[in-house]
Amino acid sequence: MISIFDGVKSVLQISENDPGLALLLVHLNANLKAVFNDPRSMFVSTSVREYLFDGVRFCINPQGIAKAICNQIKESGSKTIREQSDGSLAFSFFGHKNGSGHEVYEVHTGKGDPMRVLEIQKLDDSHNLQVWLNASAEGETSVCNQINGTDASAYPPFRQRGDSMYIFSADICRSVQLFYQTDIQYQGIPGYRYSIGENFINDIGPEHDNECFCVDKLANVIKRKNGCLYAGALDLTTCLDAPVILTLPHMLGASNEYRKMIRGLKPDAKKHQTFVDVQSLTGTPLQGGKRVQFNMFLKSINRIGITENLPTVLMPAIWVEEGIQLNGEMVAFFKKKLINTLKTLNIVHWATLCGGIGVAVLCLIYYIYQRGRVVEPPVK
């Protein structure tokens, strides 16, 4: 069992930020017992499975005004809140992702330009997202809504030291740039290591020409005067339909405005940075780790008495790591079909080159020797 506040708090913040639901907040305060199963505080106990996928249930057999409030919450359309078979509602972080994968990707075949192989061209028949703010009143697509790169299952071939590449992550509704870090060896297979740069969630705002990420959907939270969050945090409210803030695990690289009120943070780039090792010639991923942390603002919510003594702090909820490693069978196949073949070709190449040079040297020596044997005719 774990203690969480996110289900209750998410619903309350969704209500606070929705004009229609905000009108019911005064009634919600009087009906917390009926809506949220008689909560004693902002913290409730649940299992990891319920928290992440099955859902933490609320609105169980509500009556009167409580029923009207639950209907309004249901109609708000948040992805993180689902109606159950018995009519109750449930909040979960990833329940809407479980069994999903229905997005349709149209990708580049690489014909005519192998450097663009598997590059996403369209997502669900659209060249761009409609999640973030757009660049102008005319609706011109902003840099935040652009879909760049592959889906991270493979990468363009013929990588070069010092280059960069993009991946698109549907989980956080944005493209991410990866930068070359160093040469690596993975079980005898040479490759390049790439990782996200400091610009991932550190460089956000008008001064970086990407203020489209500053959705400014949350009221009375720790943010800059222009509505952007401080460095190291990204507001995913419009992406997840829930007041979720993205950081790196243990708030690695995040501004002190967020870190100073949280105890126990131990950020470590080796453990908490996103990276991928890629075979440079083919673009095949050898190993990698996608690491992110989801947070929510713990804060007082207007007209809700149970929250009145809460400080305003960005509270870590969970951090997630998705990893990939080429298994032994694939490593052996890769070495046999590519690495050993390349080594053989390399040996043949140098043997041919050295043989050619040797033949040229022998010919030169023979030529010089023959010239030395030429006898000049006598002078008459």
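This is a predicted model: local features need pLDDT of at least 70, side-chain atom pairs count only at pLDDT 80 or more; totals for chains, interfaces and linings use all residues.
Which residues lie nearest the centre of the second largest pocket? They are Val143, Tyr166, Arg174, Asn199 and Phe213, among the 16 residues that line this pocket.

Strand E9 gives the largest share of its lining, four residues. By class, the lining of this second largest pocket holds six nonpolar, seven polar and three charged residues.

Now turn to the largest pocket. Its volume is about 1100 Å³. A total of 44 residues line it, and Ser169, Ala170, Asp171, Ile172 and Lys290 are the closest to its centre. E14 supplies the largest share, six residues. The lining of the largest pocket divides into 26 nonpolar, 11 polar and seven charged residues. Two domains take part: domain 1 (5–96) and domain 2 (158–326) each give at least three residues to the lining of the largest pocket.

Look next at the loop between E8 and E9, where Cys173 is found. Phi of Cys173 is positive, near 60°, and the residue is not a glycine. Most residues other than glycine have a negative phi. Cys173 has a relative accessible area of 9%, so it counts as buried, the cut-off being under 20%.

Cys59 sits in the loop between strand E3 (56–58) and helix H6. Its phi is about 55°, although Cys59 is not a glycine. Cys59 is buried because its relative accessibility is 2%.

Follow the chain into H6, which spans residues 65–75. Which of its residues are buried? Ala66, Ile69, Cys70 and Ile73 are buried in this helix. Seen down the axis of H6, these buried residues fall within an arc of 100°, so they line one face of the helix. The general rule behind such a pattern is simple. An α-helix has 3.6 residues a turn, so residues three or four places apart point the same way. After H6 comes Gly77, with a positive phi near 80°.

Gln279 lies in the loop between E13 and E14. Its relative accessibility is 3%, so Gln279 counts as buried. A polar atom of the Gln279 side chain lies 2.9 Å from the backbone nitrogen of Thr282.

Gly232 belongs to the loop between strand E10 (189–196) and strand E11 (234–235). Gly232 is buried because its relative accessibility is 1%. Where does Asp203 stand relative to Gly232? The two are 29 residues apart in sequence, with their C-alpha atoms 8.0 Å apart in space.

How many of 30 Å³ or more does a search of the whole structure find? The search finds two. The largest cavity holds about 70 Å³ of space. It is lined by 15 residues, and the closest to its centre are Cys214, Gly227, Cys228, Leu229 and Asp235. The lining of the largest cavity has 10 nonpolar, one polar and four charged residues.

Terms used: Residues are numbered from 1 along each chain as its sequence is written. Side-chain values use heavy atoms; hydrogens and water are left out. On a 1 Å grid over the protein atoms alone, a cavity is a set of points where a 1.4 Å probe fits but cannot get out, and a pocket is an open set with protein on both sides within 12 Å along at least five of seven lines; lining residues have an atom within 4 Å of a point. Grid points are joined across faces, edges and corners, and a volume is the space filled by probe spheres set on the points. Helices (H or I, at least four residues) and strands (E, at least two) are DSSP runs, numbered from the N terminus. Ala, Val, Leu, Ile, Met, Phe, Trp, Tyr, Cys and Pro count as nonpolar, Asp, Glu, Lys and Arg as charged, and the others, Gly among them, as polar. Domain bounds come from an automatic or database domain assignment. Buried means under 20% relative accessible area, exposed over 50%, partly exposed in between (1.4 Å probe, protein chains only). A polar contact is a pair of N or O atoms within 3.5 Å; within protein, one must be able to donate a hydrogen and the other to accept it, and residues adjacent in sequence count only if both atoms are side-chain atoms. The arc is that of the directions from the helix axis to the C-beta atoms.
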